[in-house]
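Please open the model in your viewer and keep the sequence panel beside it. The tour below goes from one selection to the next.

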Amino acid sequence: MGSEPEPARMRATHALIERSDCALLVIDVQDYFLNKLPEAERSPLVARIGWLMRVAQALEIPILATAEDIARDGPLVPALSAHLPPGQSVFDKHVFGLYGQADIAAAVRATGRGTTVLVGLETDVCVAQSALSLAGAHYRAVVIDDACGSPAPNHAAGLRRLRDAGVVVTNTKGIFYEWVRDLAVHGKVLDAIGREPPPNVTL
C-alpha cells in the first residue's frame, strides 16, 4: 500500500475490472467546464457521474475528486460534492494530468488500488492526460465514455487517443455490471441506492 502497482496490472487490459482493485476518480466537474457543453448534455452527465459515485460508495470503492484551479474556475458542482464521503475534501488541481500533482498522486497511491476509473471533464485534456499518466505509472486506467465530456468533436477525439494508447474505455452500464458481477450484489447495491438508473442508461 502507498506504492505504485506492479506493471502487470497495466498489461491486463482484457481482464474484467475487479471492484476490490478500483478507485473512482472524479475530475473537474465544475460549472466552468460544464457550461462549454450543450445545455441538454449537462444535467444527464452530472447525474451519471453522481450515480457512479453512489454505486462506488455502496461497494466501498474509494473516491477521489478534483477541481481545477478552484479560485478561478469554481468548486466541484454541489450535486457531486454531496456524494463524497463525509469530511473528504476536493483536491485543488493545478495540472492537467492529475498524477503530476504530488498530493493527488499520493492520495491515489494511498488507496492501495491498482485500477483507476476516471469520469469527468474534459475528455481530451484532463481526463486523457490523467489516464495516460496513470497508465504510465503502471495503473490500469479505465475511462467511462458516457460519464466524461468535452465539446464536439473533442470528446470523440479524446476517446480515440485513449483507445489508441491502450486505455480501457467502457460505459456506465458496463462498469456497473463489472463491479457488481452477480445477481446478489446487483440487488444489494440497487436496494441501497435506489433502482432508478441514471439518464440514458438502461440496466
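A pocket here is an open set of points, on a 1 Å grid over the protein atoms alone, with protein on both sides within 12 Å along at least five of seven lines, and its lining residues have an atom within 4 Å of a point. A volume is the space filled by probe spheres set on the points, which are joined across faces, edges and corners. This is a predicted model, in which local features need pLDDT of at least 70 and side-chain atom pairs count only at pLDDT 80 or more, while totals for chains, interfaces and linings use all residues. Residues are numbered from 1 along each chain as its sequence is written, and side-chain values use heavy atoms, with hydrogens and water left out.

Begin with the largest pocket, whose volume is about 200 Å³. Select Glu-41, Cys-148, Gly-149, Ser-150 and His-155, which lie nearest its centre among the 17 lining residues. Helix 3 (39-58), strand 5 (140-149) and helix 8 (154-164) each give two or more residues to this lining, helices being DSSP runs of H or I with at least four residues and strands runs of E with at least two, numbered from the N terminus. The largest share, five residues, comes from helix 3.

Next, select Lys-93 in strand 3 (residues 91-93). Lys-93 is buried, with a relative accessible area of 0%, where buried means under 20% for a 1.4 Å probe and protein chains only. Leaving aside neighbours within four places in sequence, the contacts of Lys-93 (heavy atoms within 4.5 Å) include Asp-28, Glu-68, Asp-69 and Cys-126.

Terms used
Buried means under 20% relative accessible area, exposed over 50%, partly exposed in between (1.4 Å probe, protein chains only). On a 1 Å grid over the protein atoms alone, a cavity is a set of points where a 1.4 Å probe fits but cannot get out, and a pocket is an open set with protein on both sides within 12 Å along at least five of seven lines; lining residues have an atom within 4 Å of a point.
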